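Q: Can you walk me through this one? I have a few quick questions.

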Amino acid sequence: MILVKSFLAIILTSVLTENFVLCKFLGICPFLGVSKKLNTAVGMSAAVIFVMALATAVTYPINKFLLVANGLEYLQTIVFILVIAALVQLVELVLKKFMPPLYNALGIYLPLITTNCAVLGVVLLNQTKGYGFAESMVNSVGAGLGFMVAMVIFSGVRSRLEGADIPKFLQGLPIVLIAASIVSLSFMGFTGLVDGIFA
Amino acid sequence: MAEKKSLGKEFTKGLIAENPVFRLVLGTCPTLATSTSVVNALGMGISAMIVLVCSNIVISLLRKVIPSKVRIPAYIVVIASFVTIVQMIVKAFVPALDSALGVFLPLIVVNCIILGRAEAFAGKNSVVASAVDGLGMGVGFTIALCLMASVREILGAGTFLAGAQNLLVLFGDNVLGGFNGFTLPWTEYLTPMTVFILAPGGFLTFGLLMACANRLAESKGKPRAELGGCQACPMAKNCALLAEGKACNDEKKEGEAV
């Protein structure tokens, strides 16, 4: 029961109170770039959840049994980014060969994710927070879900912006950023929520 | 081969005309996250600049050795090595900055500005030109960060350069007479708008400054800044999303970058 409670707290924290995109500024490029339409937003976020979970599952044992065991923690940044880059390529090949439907759904987004700071970010954050394996996995999936929530909400906001009459000097990127600011402001309302529930 | 430009031009183009943040719209994540105070912004900008210059030099030296098929992983290794070095130096000598920047210090690895410059410039140009290009882009990034941070710190905290000793500790204790930033005079009567320090203020400041930058660019007859996200991304060439014409920026798909 305590385990379920702590997992739930981690998920709620990473989805709502510490949303990766809107509160921590990780993964802004895809958030601004791919959020124009709902279906691309969902596809991209599904790929992000998938890669985040996979990256955590692979980097956790590497870190624990290879790096920490040999006192090589300072190599974390290099090792993690290379593992993630290689992993994404591998996943792309495997999906293409064995799971074409899934590849068609997620494949096109995968190369974009290699250099996405959210994936490396979640792996490093699990590290600094000192999470165990199960907690790391939960946190990664939660962060991915948070990314999806932000993307889906924002794609709705952007579809409204399309038809809006925007002052000329704000057209394009500025109004998108200001809209993001308002969405982010609404997420600030969740501050203290998790502590309140699990106090 | 890029046409021969004078070194001065390589340097100044990164400052305003091709400012990585406001014109090329690269590196948005660290820009938003670390511009909460001018001191943090300076620290981030300088760290990124060091990585950018060093990796540009090494990549330019190795440009004839690295096979083009594996160049992206090779660039990532070079960049990650320098990030690790900078990270260790910052941890050892400026610990307060390390805790302020947190995860964004190692995340310099995936900063699009650095990989983008490696791909677009250092991989094709001479060592000196690459170093100067890196320096210009780094200074441009730092200026943009400091601009954002000045607005956010003054409006959000009512201070300017607060915590300067965190950076100055590099030169010894109590340099400049223990200068630790200004508190703005009107904070006695007005409560600062904390929201500018928080996440929404970051987006808002960035949006408004971007609008100003666009206005300036238009008055000079240059195009508005568009989200470079996809086209400027070093993965653009092998990105299936772009190849299928489903680019993130639908209307801009023919502008194949690099």
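What follows is a short chat about chains A and B of a predicted model.

Q: Start with chain B. How many helices and strands are there in it?
A: Chain B has ten helices and two strands. In sequence order the pattern reads α-α-α-α-α-α-α-β-α-β-α-α.

Q: What share of chain B counts as buried?
A: Of its 258 residues, 52% count as buried.

Q: And the accessible surface of chain B, what does that come to?
A: About 11400 Å² for chain B, with 68% of that belonging to carbon and sulfur atoms.

Q: What about contacts in chain B with a separation of 6 or more: what percentage comes from residues 24 or more positions apart?
A: In chain B, such residue pairs account for 74% of those contacts.

Q: Now helix packing. At what angle do α3(B) and α7(B) pack?
A: The angle is about 165 degrees, and the axes of α3(B) and α7(B) are 8 Å apart. Since angles over 145 degrees count as roughly antiparallel, α3(B) is roughly antiparallel to α7(B).

Q: Is the crossing of α3(B) and α7(B) left-handed or right-handed?
A: α3(B) and α7(B) cross in a right-handed sense.

Q: What residue classes make up the contact of α3(B) with α7(B)?
A: That contact has 20 nonpolar residues, eight polar and two charged.

Q: Pick a residue in α3 of chain B. Where is S47(B), and is it buried or exposed?
A: S47(B) is in helix α3 of chain B, which covers residues 38–61. S47(B) counts as buried because its relative accessibility is 4%, and the cut-off for buried is under 20%.

Q: Which residues is S47(B) in contact with, leaving aside neighbours within four places in sequence?
A: V86(B), V90(B), L105(B) and I108(B).

Q: Back to α7(B). How do the axes of α6(B) and α7(B) cross?
A: Helix α6 of chain B (residues 112–122) and helix α7 of chain B (residues 127–156) have axes that come within 11 Å and cross at roughly 150 degrees. That makes α6(B) roughly antiparallel to α7(B). The crossing of α6(B) past α7(B) is right-handed.

Q: Which residues meet there, between α6(B) and α7(B)?
A: On the α6(B) side they are I113(B), R117(B), F121(B) and A122(B). On the α7(B) side they are A129(B), S130(B), D133(B), M137(B) and F141(B). By class, the contact of α6(B) with α7(B) has six nonpolar residues, one polar and two charged.

Q: Switching to chain A. How far apart are the axes of α3 and α8 there?
A: They are 9 Å apart in chain A, where helix α3 (residues 38–68) and helix α8 (residues 133–163) pack at an angle of about 165 degrees. α3(A) and α8(A) are therefore roughly antiparallel to each other.

Q: What is the handedness of the crossing of α3(A) and α8(A)?
A: Right-handed for α3(A) and α8(A). The residues of the contact of α3(A) with α8(A) divide into 21 nonpolar, six polar and no charged.

Q: Y60(A), where does that lie?
A: Y60(A) lies in helix α3 of chain A.

Q: What is Y60(A) in contact with, apart from neighbours within four places in sequence?
A: Y131(A), G132(A), F133(A) and S136(A).

Q: How far is I2(A) from F147(A), C-alpha to C-alpha?
A: 26 Å separates the C-alpha atoms of I2(A) and F147(A), which are 145 residues apart along the chain.

Q: Last topic, backbone. What is the phi of F25(A)?
A: F25(A) has a positive phi of about 55 degrees and is not a glycine. Most residues other than glycine have a negative phi.

Q: Where is F25(A)?
A: In the loop between α1 and α2 (28–33) of chain A. F25(A) is buried, with a relative accessible area of 4%.

Q: What is the phi of L161(B) near?
A: Phi of L161(B) is near 60 degrees, positive in a residue other than glycine. L161(B) sits in the loop between β1 (159–160) and α8 (164–168) of chain B.

Note on methods: Residues are numbered from 1 along each chain as its sequence is written. Chains are lettered from A and ligands numbered from 1 in the order in which they are written. This is a predicted model: local features need pLDDT of at least 70, side-chain atom pairs count only at pLDDT 80 or more; totals for chains, interfaces and linings use all residues. Side-chain values use heavy atoms; hydrogens and water are left out. Axes are lines fitted to C-alpha atoms, for helices over the stretch in contact, and angles run from 0 to 180 degrees between N-to-C directions. Helices (H or I, at least four residues) and strands (E, at least two) are DSSP runs, numbered from the N terminus. Angles under 35 degrees count as roughly parallel, over 145 as roughly antiparallel, 65 to 115 as roughly perpendicular and the rest as oblique. A crossing is left-handed if the near helix is turned anticlockwise from the far one by less than a right angle, and right-handed if clockwise. Contact means heavy atoms within 4.5 Å. Ala, Val, Leu, Ile, Met, Phe, Trp, Tyr, Cys and Pro count as nonpolar, Asp, Glu, Lys and Arg as charged, and the others, Gly among them, as polar. Buried means under 20% relative accessible area, exposed over 50%, partly exposed in between (1.4 Å probe, protein chains only). Accessible areas come from the Shrake-Rupley method with a 1.4 Å probe; for residues, only the protein chains shown count as cover.
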